[in-house]
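Biologist: I'm new to this one and would like to learn how to read it. Could you walk me through it, feature by feature?

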Amino acid sequence: KFNNDICSSFYSLLLKQDKEGQESAAEKILSSLREFAKHCKGPFFYGEEFTMVDIAIAPWAVGLRMDVLKHYRDFEVPRTGEYAM
């Protein structure tokens with residue numbers, strides 16, 4: 001689900017040339033992140049234990065991928081509790 005909803009939308013936002021397509025992809029990223037955050041149980045996905053899920057999402061959560069969207073699309077995930085990972 002993470003890959004289908006967040007990763008695909010990331011590339012969609014990066015590739016879309018029209019403003020409407022970019023806005024749609026940006027909203028898909030944000031809504032998917034809100035949904036994902038609801039399932040996080042602590043500092044790591046399953047709580048206090050660092051698991052394979054955390055390894056898989058680390059490049060997206062703390063990597064430079066979101067910096068690419070800031071640079072090319074002026075898009076940032078808000079730093080609010082609803083997006084906390």
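Modeller: We'll go through the salt bridges, then a helix, then the cysteines. Keep in mind that this is a predicted model, where local features need pLDDT of at least 70 and side-chain atom pairs count only at pLDDT 80 or more, while totals for chains, interfaces and linings use all residues. Residues are numbered from 1 along each chain as its sequence is written, and side-chain values use heavy atoms, with hydrogens and water left out.

Biologist: Fine. How many salt bridges does the structure hold?

Modeller: A salt bridge is a side-chain nitrogen of Lys or Arg within 4 Å of a carboxyl oxygen of Asp or Glu. Here there are five. One of them pairs D5 with K28, at 3.7 Å from N to O. D5 sits in helix 1 (residues 2–15) and K28 in helix 2 (residues 19–39), so this pair ties together parts 23 residues apart in sequence. Helices are DSSP runs of H or I, at least four residues, numbered from the N terminus.

Biologist: And is D5 buried or exposed?

Modeller: Buried means under 20% relative accessible area, exposed over 50%, and partly exposed in between, using a 1.4 Å probe and protein chains only. D5 is buried at 14%, whereas K28 is partly exposed at 37%.

Biologist: Which residue does E35 meet in a salt bridge?

Modeller: First, the general idea: an α-helix has 3.6 residues a turn, so residues three or four places apart point the same way. E35 meets K38, at 3.5 Å from N to O. The two are three residues apart in helix 2, or about one helical turn. E35 is partly exposed at 35%, and K38 is exposed at 62%.

Biologist: What about helix 2 itself: how far does it reach?

Modeller: The expected span of a helix is 1.5 Å times one less than its number of residues. Helix 2 has 21 residues and reaches 31 Å from first C-alpha to last, close to the expected 30 Å. Its buried residues include A25, I29, L33 and F36. Among the parts covering the buried residues are helix 1, helix 3 (52–61) and helix 4 (65–73).

Biologist: How many disulfides are there?

Modeller: A disulfide is a covalent bond between the sulfur atoms of two cysteines; the cut-off used is a pair of sulfur atoms within 2.5 Å. This structure has zero. The sulfur of C7 is 14 Å from the closest cysteine sulfur, in C40, which is too far for a bond. C7 is also buried, at 6% relative accessible area.

Methods
Contact means heavy atoms within 4.5 Å.
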